[in-house]
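This report goes through a few residues, a sheet, the nonpolar cores and the ring contacts. Please look at the sequence and the 3D view before reading on.

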Amino acid sequence: MHADNTLTIEDGTVVVEESCEGLEAIDLTVNGSTIDVTASDDGLNAAGSSVDGGFGTAGADTLTVNGGTLTVNASGDGLDSNGTLTINGGTVYVSGPTGDGDGTFDCDGVFTINGGVVLGTGSSGMLKTPTTDSKQNTISVSCTGGAGDTVEVKGADGNTLVSAVAPKSFTNVTFSTPDITEGETYTVYVNGTEAASETCSGVVSGATGMGSFGGGPGNMGGQAPNGGMGSQTPSGDSGITPPNGNGGTPPQMPVNTSDT
């Protein structure tokens with residue numbers, strides 16, 4: 001789904017089964033809906049502004065998630081903006097990339113998480129974490145898993161904050177929920193085995209990174225789908241166990257069979 005200027009999604013169900021870049025516009029906003037994107041490059045991409053910075057310089061592009069359920073399986077950057085990247089609410093699961101040349105979250109401007117439930121599993125080479133002016137705490141940990149592994153985050157009380165099945169291998173897990181409290185310790189389990197833990201010490205705790213450059217000017221449009229991507233239609237399950245939920249078996253996220 002491409003827009004030359006503004007793309008705003010309010011409601012409904014959006015499934016992108018094959019794409020180079022799933023959703024893209026200069027100003028891309030998700031206010032609601034159930035969105036499932038599989039992409040051979042970036043999952044969501046905000047780029048193309050006439051004042052686009054590129055090469056690490058922030059442009060005027062914006063990528064904002066205010067609500068809804070967003071599931072991204074990307075071989076490039078998961079959420080990518082040449083300007084700002086803002087998550088204010090909703091439920092966001094991002095898987096990918098596996099290579100260190102891209103990042104699960106990437107922007108050239110300010111990256112903030114102010115609300116919502118966020119779980120990202122991907123590579124650590126171009127790791128991008130939120131800035132400290134975010135209004136919600138985020139934890140990022142080095143953690144290794146394979147395609148099809150169940151990732152579960154629990155608080156000190158043993159309650160599950162968020163969980164999902166990762167369709168790609170990963171070396172980093174980044175998560176944020178309204179329940180993360182400074183001074184408390186949170187543990188990541190992979191297939192039921194403790195893999196990493198971190199004590200919240202502030203707005204951003206654990207592994208941090210500079211992140212990679214954005215898509216750069218002219219990164220809109222892309223190529224036709226390569227035919228190697230597959231996805232299942234959402235069944236009404238959010239893909240993530242809600243905060244404080246005891247969950248059940250985490251749902252299987254879309255599997256990219258051409259990228260392991």
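A39 belongs to strand β5, which covers residues 34-39. Strands (E, at least two residues) and helices (H or I, at least four) are DSSP runs, numbered from the N terminus. The C-alpha atoms of A39 and G22 are 5.6 Å apart, although 17 residues separate the two along the chain.

N73 sits in strand β8, made of residues 69-74. N73 counts as buried because its relative accessibility is 0%. Between the C-alpha atoms of N73 and A39 there are 6.4 Å, and along the chain 34 residues.

## Basis of the model

The model is predicted: local features need pLDDT of at least 70, side-chain atom pairs count only at pLDDT 80 or more, and totals for chains, interfaces and linings use all residues. Residues are numbered from 1 along each chain as its sequence is written, and side-chain values use heavy atoms, with hydrogens and water left out.

## A four-stranded sheet

Four strands form an open sheet in the order β17-β16-β19-β20, with antiparallel pairing (two strands pair if DSSP finds at least two bridges between them). Why do β17 and β20 stand at the edges? Each of them, β17 (160-165) and β20 (193-199), has a single partner strand, so one side of each lacks a neighbour in the sheet. From one strand to the next the twist averages 15° (axes are lines fitted to C-alpha atoms, for helices over the stretch in contact, and angles run from 0 to 180 degrees between N-to-C directions).

Six bridges join β19 (residues 185-190) to β20 in the antiparallel sense. T187 has S197 in β20 as its bridge partner.

## Nonpolar cores

The largest nonpolar core has 29 residues, of which L23, L44, L79 and I87 touch the most other members. Such a core is a set of buried Ala, Val, Leu, Ile, Met, Phe, Trp, Tyr and Cys residues joined through side-chain atoms within 4.5 Å. Another core, of 21 residues, lies apart from it and includes V141, C143, L161 and Y186.

## A charge over a ring

K154 lies over the face of Y189, 5.2 Å from the ring centre. A charge sits over a ring if NZ of Lys or CZ of Arg is within 6 Å of the ring centre and within 35 degrees of the ring normal.

Note on methods:
Buried < 20%, exposed > 50% of the residue type's maximum accessible area, 1.4 Å probe, protein only.
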